Structures are given as structure tokens and as C-alpha cells.
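Reader: I'd like to learn how to read salt bridges in a model like this one. Can you walk me through it?

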Amino acid sequence: MLFAAVVLNSQKDSSLVKATITEDFGVFQFNGILPGKYTLAISNLGYADFKKRIDFKGDDLDLGSFILNSEAQNLEEVTVVAEKPMVQVLADKTVFNVENTINATGTSAFELLRKAPGVIVDNNGGIILEGKTGVQIFIDGKLSVLQGEDLTNYLESLQATDVEAVEIITQPSSKYDAAGNAGIINIKLKKDKSIGTNGTFTSGMTVGDFGRTNTSVNFNNRGKKGNFYGTYSNRFGKSTGFLNLLRNQFGTQFDARTNSIYDRNTNNVKLGYDYYVNSKHTIGAIFMEILTTVSIPTILEHLFVW
């Protein structure tokens with residue numbers, strides 16, 4: 001079965017770990033999953049949802065074949081409720097809808113990318129799309145002027161609750177810049193279309209080896225001919241990274257283990273104004289400032305030789 005949505009959730013708190021879609025003959029795979037207990041959920045239009053508990057030990061795991069049962073019922077009355085699925089497969093892109101879901105709570109937009117279908121974030125913050133590097137990042141359909149560490153800092157300071165959807169485009173059409181062939185990830189931010197002045201305040205915290213906090217304040221002043229808006233967001237806290245290398249050289253085995261601790265604080269300010277020329281054309285200007293402070297990382301190295 002092609003294009004069925006496959007979701008991997010943690011059994012501990014039901015949080016999303018990774019999402020993907022099936023390829024030809026219903027084949028799917030997850031990469032970079034840590035050992036643990038998960039719930040696998042498969043869904044497709046016209047079929048009953050399938051769920052299976054998995055205890056992943058860390059080795060390669062073949063789950064075998066699953067059969068989805070057709071869901072057909074005779075109903076006297078039908079009520080249609082519009083609701084976006086978490087993963088949508090369209091003709092030109094795959095859309096990861098995260099608006100108003102638990103997956104967009106307490107994390108940053110950078111962490112959200114780790115859960116997106118076909119996307120892998122390596123230990124150095126590099127973004128890989130279906131095995132290819134050099135991915136272009138777009139924000140609201142426009143190529144991001146930020147690259148490398150600056151882009152990572154911005155995405156880490158951006159609340160996941162400010163993201164409406166993540167679009168994964170593996171084969172960009174001619175309307176996009178031709179530079180790079182690894183694909184495009186377009187991050188669509190929420191836009192308030194209500195007339196008048198309104199705003200939101202959100203705050204989140206994640207705890208791993210260390211605690212990290214994200215906070216954002218948004219305001220929006222929309223009229224019939226224009227919209228003035230702004231955002232302040234931040235990210236404070238420490239994070240860890242590790243690199244393990246095992247090699248054999250002339251009969252000697254070297255086992256090197258490195259653990260790094262980073263203390264990175266980021267503040268992000270964005271102000272913008274849109275002028276509505278008509279129903280199809282808008283002229284806008286955006287000011288953005290990102291301030292990041294990073295302390296010298298603490299590096300712990302161990303080398304074992306046999």
C-alpha cells in the first residue's frame with residue numbers, strides 16, 4: 001500500500017518520535033531511533049487504523065508484514081468533519097501538519113525537524129533529506145538568508161507552537177531556486193488573519209541531560225489594508241553531544257569516546273509589515289535580529305587501547 005501514514009510514538013508519554021510514509025509495496029523504515037518501547041500506528045483513508053507495540057533493543061528490527069482491514073460501514077446519516085491528517089502526501093510535496101497537536105508543545109522548530117518524514121539531523125546539526133545533504137531551508141516560501149550555525153540558532157529559538165506545518169519537497173519545481181539538488185524544507189509559520197490587535201505568549205521546557213527553556217511573545221495588528229506584526233523568542237540552556245569512534249590499526253584497537261557540553265543562549269527578534277495591494281498581491285518588509293552567546297564547550301575525552 002503506497003502513501004500510508006506511519007507514526008512512531010513513545011509508550012512512556014505518547015509523544016511523537018518519528019513520522020514517515022510507505023513507499024512502493026508498502027515498505028517503510030525509520031532511521032536513528034534509540035532503543036526503547038514504542039507504539040507503531042499506521043493509517044490510510046478507507047482502512048481501519050493499525051497499532052502495534054514495539055520493544056526496540058537497538059539492533060536491526062524487521063517487523064514483518066501488516067494487513068490493514070478495509071473499513072466499510074452502512075450508515076443512515078453521515079457527518080463530515082474537516083481535519084488535517086498529521087502527514088499529507090500531495091502531488092509535489094509531503095506535508096507534516098503540526099498545528100494544534102501535542103507534537104508542537106514544549107519543543108523548538110529544530111527539534112520538530114527530527115520528527116519530520118524523511119528528515120535526519122546529525123550530531124553536528126546538519127540536515128539530511130532522504131540521504132542527501134545540502135538541503136535548502138525556506139521560511140514561508142522564501143529561501144532563508146541564514147545558513148549553518150546561524151540557521152540552527154534561529155530554529156532552536158523558534159517555538160514549535162509557532163509552526164503551522166513543515167513541507168518536504170524532494171523534487172522542487174521550476175518556481176524554486178535551482179541551486180542544490182537535495183530538496184527543500186519549507187517551514188510555514190502561523191499567521192493570524194483576525195482583524196484587530198492580538199497576541200500570544202508561550203513558554204516550554206525540555207529536560208534531558210540538562211534543562212532547556214523556550215519562550216516566545218507574538219503580536220499582530222491587522223487592518224483591511226495592512227498588517228504589522230512582531231515576534232520575540234529565545235532559547236536558554238545546555239545541551240550535550242557525543243562522538244564514539246572504534247577503529248583497528250595494525251592489530252591495535254582504539255576506542256575513542258568524546259562527550260561535549262554546550263551552553264548556548266539565543267534571542268530572536270522579528271518585526272514585519274505587509275501592505276495588501278489587492279487580493280493577489282502583497283508588499284512586505286521584515287527586520288530580523290538574532291543574538292547568540294555560546295560558551296567554550298566542555299569536552300570530556302576517553303581513549304581505550306587494546
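Author: Let's start with the overall picture and then go through the salt bridges. Keep in mind that this is a predicted model. The protein has two helices and 18 strands, and 36% of its 306 residues count as buried.

Reader: How many salt bridges does the structure hold?

Author: Six. To call one, look for a side-chain nitrogen of Lys or Arg within 4 Å of a carboxyl oxygen of Asp or Glu. Glu-111 and Arg-114 meet that way, at 3.4 Å from N to O. They sit three residues apart in helix α1, so about one helical turn separates them. Glu-111 is partly exposed at 30% relative accessible area, and Arg-114 is partly exposed at 34%.

Reader: Which parts does the pair of Glu-156 and Arg-235 tie together?

Author: First the contact itself: their side chains form a salt bridge at 3.9 Å, N to O. Glu-156 belongs to helix α2 and Arg-235 to strand β15, so the pair links parts 79 residues apart in sequence. Glu-156 counts as buried, with 9% relative accessibility, and Arg-235 does too, with 5%.

Reader: And what about Glu-167 and Lys-188: how far apart are the closest N and O atoms?

Author: They are 4.0 Å apart, and the pair forms a salt bridge. Because Glu-167 is in strand β11 and Lys-188 in strand β12, this one ties together parts 21 residues apart in sequence. Glu-167 is buried at 6% relative accessible area, whereas Lys-188 is partly exposed at 29%.

Reader: Which residues are linked with Glu-167 in a network of salt bridges?

Author: Lys-93 and Lys-188.

How values were computed:
Residues are numbered from 1 along each chain as its sequence is written. This is a predicted model: local features need pLDDT of at least 70, side-chain atom pairs count only at pLDDT 80 or more; totals for chains, interfaces and linings use all residues. Side-chain values use heavy atoms; hydrogens and water are left out. Helices (H or I, at least four residues) and strands (E, at least two) are DSSP runs, numbered from the N terminus. Buried means under 20% relative accessible area, exposed over 50%, partly exposed in between (1.4 Å probe, protein chains only).
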